[in-house]
Amino acid sequence: MSNSTDETLAAVYGEMELSDEEFYALTDRSLAPRSAGMLADKLAGLGIDAGQHLLDVGCRDGDHTIALARRFGCTALGIDPVAHRIAQAQAAIAEAGLSQRVRAVVGRIEAIHADDASVDFIWCRDMLNHVADLRAGLAECQRVLCPGGQMLVYQTFSTDLLEANEAAFIYNTMAIVPQNQSDAFFENTARSVGFAIAEKDAVASEWREFWEEDGSRKTANQLLRIARMRRNREELIPRLGETNYNVEIADCLWGVYQMIGKLCPTVYVLEKYG
Ligand SMILES: C[S@@+](CC[C@H](N)C(=O)[O-])C[C@H]1O[C@@H](n2cnc3c(N)ncnc32)[C@H](O)[C@@H]1O
């Protein structure tokens, strides 16, 4: 514990060279954060177009699969192990009138039902944290990609600011594989299965800042929800069940931790050799 010496007290309560107004003018201005839309824009920049085939691993209800197929005119396959989500994805694809060129099937990244070298681009957004055998998952992606094919990965890593007890709660509650929270482990694994890392882009808190600045206040709302859920535990746990209660808290913490630098969302472009 630090001592409240005259020196430290002076640092906390003494005069700063800047006035409050000058300080706030310096710190409370937008740093022009990028939005989540940067991800699809990055895919556009890789040169995807209509004759090509896209694989969306961990597609959940297919919203990104559909949006990407619409935007780029490509064919697409979404896979996810949760059958209920795939049923939603299939219904959404039919409703979007895209059944001719977009499919969604139950599947896992560790065993992709696709031929060798049959995919031009892979979209892998926010799912590798859950994959127990990361090497097997990335090796499958490498197998199905055409030579020179590219994989866009959005993945959140833990930083030194994340305390051990905070990590244990969110990993256990959200089915996260601890070793996958390391960027070094991810990069070494990707290289070991035959990928080159063409680009690494630390998004950090940018999407979160964007959602505050555009008025959607996603992270502020998550912070408020945590506070209310904690104060209203007695009512909520019998209504939601303890597991769902903890998942909701952990999900909100995930957002807050991204905002304050305990978690670092990062985007990679991986390229298959050859
Ligand atoms: C956080 S959600 C992300 C969904 C979507 N990609 C997005 O960015 O909105 C993670 C998804 O990964 C899926 N998932 C988990 N383990 C998987 C695996 N081994 N193979 C493929 N998908 C998996 C989950 O079922 C879930 O739909």
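Which helices and strands do the buried residues of helix 4 pack against? Let us work towards that with a few conventions in hand. The model is a predicted one, in which local features need pLDDT of at least 70, side-chain atom pairs count only at pLDDT 80 or more, and totals for chains, interfaces and linings use all residues. Numbering starts from 1 along each chain as its sequence is written.

The protein chain has 12 helices and seven strands; helices (H or I, at least four residues) and strands (E, at least two) are DSSP runs, numbered from the N terminus. Along the principal axes, the C-alpha atoms of the protein chain fill a box of roughly 70 × 45 × 35 Å. Of its 274 residues, 28% count as buried. Here a residue is buried if 20 or more other C-beta atoms lie within 10 Å of its own, exposed if 12 or fewer, and partly exposed in between, with C-beta atoms placed from the backbone. Taking contacts in the protein chain between residues at least 6 apart in sequence, 76% join residues at least 24 apart; a contact needs C-beta atoms, placed from the backbone, within 7 Å.

Back to helix 4, where H64, T65, I66, L68 and A69 are buried. These buried residues pack against helix 3 (38–46), helix 5 (83–95), strand 1, strand 2 (75–80), strand 3 and strand 4. Just after helix 4 comes G73, with a positive phi of about 70°.

Most residues other than glycine have a negative phi. R60 is not a glycine, yet its phi is positive, at about 50°. This residue is partly exposed, with 19 other C-beta atoms within 10 Å. R60 also belongs to the surroundings of the ligand: 18 residues surround the ligand, and the closest are G58, R60, I109, R125 and M127. The shell consists of eight nonpolar, three polar and seven charged residues. In this scheme Ala, Val, Leu, Ile, Met, Phe, Trp, Tyr, Cys and Pro count as nonpolar, Asp, Glu, Lys and Arg as charged, and the others, Gly among them, as polar.

A117 is another non-glycine residue with a positive phi, near 50°. Its place is the loop between strand 3 (102–106) and strand 4 (119–125), and 14 C-beta neighbours inside 10 Å make A117 partly exposed.

A220 lies in helix 10, which brings us to a helix pair. Helix 10 (residues 218–231) packs with helix 12 (residues 242–259) at an angle of about 135°, their axes 9 Å apart. Axes are lines fitted to C-alpha atoms, for helices over the stretch in contact, and angles run from 0 to 180 degrees between N-to-C directions. Helix 10 is therefore oblique to helix 12, since angles under 35 degrees count as roughly parallel, over 145 as roughly antiparallel, 65 to 115 as roughly perpendicular and the rest as oblique. Among the residues making the contact are L223 and I226 of helix 10 and I249 and L253 of helix 12.

Helix 11 (residues 233–240) lies largely in the open, because zero of its eight residues are buried. Just after helix 11, G241 takes a positive phi of about 90°.

Methods
Contact = placed C-beta atoms within 7 Å. Near = placed C-beta within 6 Å.
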